[in-house]
Amino acid sequence: MLSHWNCPPDSLHHLPVHPLWQSPLTIPGGTRQSPINIQWRDSVYDPFLKPLKISYDPATCLHIWNNGYSFLVEFDDSTDRSIIDGGPLENQYRLKQFHFHWGAINDWGSEHTVDCKFYPAELHLVHWNAVVYPTFEEAVMEGDGLAVIGVFLKLGARHEGLQTLVDALPAVKHKDTVIEFDVFDPSCLMPSCPDYWTYAGSLTTPPLTESVTWIIKKQPIEVDEDQLEAFRMLLFTSDGEEEKRMVDNFRPLQPLMNRTVRSSFQ
Ligand SMILES: NS(=O)(=O)c1ccc(NC(=S)OCCc2ccsc2)cc1
Ligand SMILES: [Zn+2]
C-alpha cells in the first residue's frame with residue numbers, strides 16, 4: 001500500500017510534520033490540492049504549451065517580510081510592470097511576491113517532489129490574474145486566479161543573485177519583521193532551461209484555495225550550504241518569544257486525484 005500519494009514510505013524519510021500541518025489541514029471536498037509528487041513518466045507532453053514569458057521590473061520590489069511561515073519578497077502589483085504571460089496561461093499575471101520552503105536538513109524541504117525525490121528547498125513566485133479580477137484577494141478565490149512558478153533549489157555552487165537576499169535575512173530574523181528592499185530582479189533566480197511541468201492546484205498554506213495554475217521548472221538552480229543555512233537561521237517566532245527555527249515549512253504531498261500533469265518538453 002503506497003502512502004502519501006504514490007510515494008513509497010521509505011522515500012519519505014519519516015518526514016517531520018511541522019505544527020502548521022499536524023492537524024490534518026485538508027480542504028473538505030478538495031479535488032486539486034498542492035503540493036503533489038510529479039511522476040515524470042506519467043506527465044503528458046502538450047505541444048500546444050507556449051514558452052513562458054517573464055518580464056519583471058526590478059524597481060517594483062518593495063520589501064522583505066517574515067510572516068511567520070516563510071520570508072516573502074513583496075512587489076508593487078498596482079500596475080503591469082512585473083508580469084508573466086504565455087506558458088499554460090490564458091492571460092498575463094502580475095507578480096505579487098516570492099518566497100521559499102525549506103527543510104532542517106538537505107534531505108528534504110521542497111513542497112513538490114519529482115519521482116518522489118525531495119529537493120532541499122523550493123522557490124515560489126506568486127502572480128495573480130489582474131486582467132480578470134480587480135484585486136489579489138478576489139483572484140485567490142478563483143480557479144484561474146493565480147499562477148505560481150516553482151523552482152527547485154539543489155545543493156551546489158553559491159548563487160550570486162540569491163546572495164543579496166541572503167545578506168538581508170538577519171534583519172527579518174523574527175516573525176512580523178520587515179525591511180525595505182527596493183531593487184531586486186527575480187529573473188536572476190530562474191534556471192536557464194525553459195522546460196516546465198504544469199497542473200491545476202492550490203495554495204499550499206492557508207487559505208489553501210484551489211486557485212493556482214502551477215508552473216514547475218524542470219531544472220533546479222544551485223545554491224550553497226551557507227545560503228541554505230541562512231534560511232534556517234530565521235525564526236517562526238516573534239522577538240521575545242521562545243525561539244523556534246523556521247525550518248520544515250512545507251506541506252505534505254496531496255493526492256493527484258483526477259489530474260494530469262502536462263510537460264512543455266518531450
Ligand atoms: N505556497 S504558495 O505559493 O502556494 C502560497 C502563495 C500565496 C499564499 N497566500 C497569500 S500571498 O496570501 C496573502 C494574504 C491573503 C489575502 C487574501 S487570502 C490571503 C499562500 C500560499
Ligand atoms: Zn509557497
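Me: Where is Cys116 placed, and what is its phi?

Reply: Cys116 is in the loop between strand E8 (113-114) and E9; helices (H or I, at least four residues) and strands (E, at least two) are DSSP runs, numbered from the N terminus. Phi of Cys116 is near 70°, a positive value in a residue other than glycine. Most residues other than glycine have a negative phi.

This is a predicted model, where local features need pLDDT of at least 70 and side-chain atom pairs count only at pLDDT 80 or more, while totals for chains, interfaces and linings use all residues. Residues are numbered from 1 along each chain as its sequence is written, chains are lettered from A and ligands numbered from 1 in the order in which they are written, and side-chain values use heavy atoms, leaving out hydrogens and water.

Me: How do you know whether the Ser34 to Pro35 peptide bond is cis or trans?

Reply: Look at omega: the value is near 5°, and the bond is cis. Pro35 is in the loop between H1 and strand E1 (37-38). Pro206 to Pro207 is cis too, with omega near 10°, and Pro207 is in the loop between strand E12 (196-201) and strand E13 (212-217). Most peptide bonds, by contrast, are trans.

Me: What surrounds ligand 1?

Reply: A shell of 15 residues, with Gln97, His99, Leu203, Thr204 and Thr205 the closest; a residue is near if one of its heavy atoms lies within 4 Å. The shell divides into seven nonpolar, six polar and two charged residues, where Asp, Glu, Lys and Arg count as charged and Gly as polar. E7 gives the largest share, three residues.

Me: Why is the space of ligand 1 called a pocket?

Reply: Because a pocket is an open set of points on a 1 Å grid, with protein on both sides within 12 Å along at least five of seven lines, whereas from a cavity a 1.4 Å probe cannot get out. The space taken by ligand 1 is the largest pocket, with a volume of about 490 Å³. Among its 25 lining residues, Gln97, His99, Leu203, Thr205 and Pro206 are closest to the centre. E7 gives the largest share of the lining, four residues.

Notes. On a 1 Å grid over the protein atoms alone, a cavity is a set of points where a 1.4 Å probe fits but cannot get out, and a pocket is an open set with protein on both sides within 12 Å along at least five of seven lines; lining residues have an atom within 4 Å of a point. A molecule sits in a cavity or pocket if more than half of its atoms lie within 2 Å of its grid points. Grid points are joined across faces, edges and corners, and a volume is the space filled by probe spheres set on the points.
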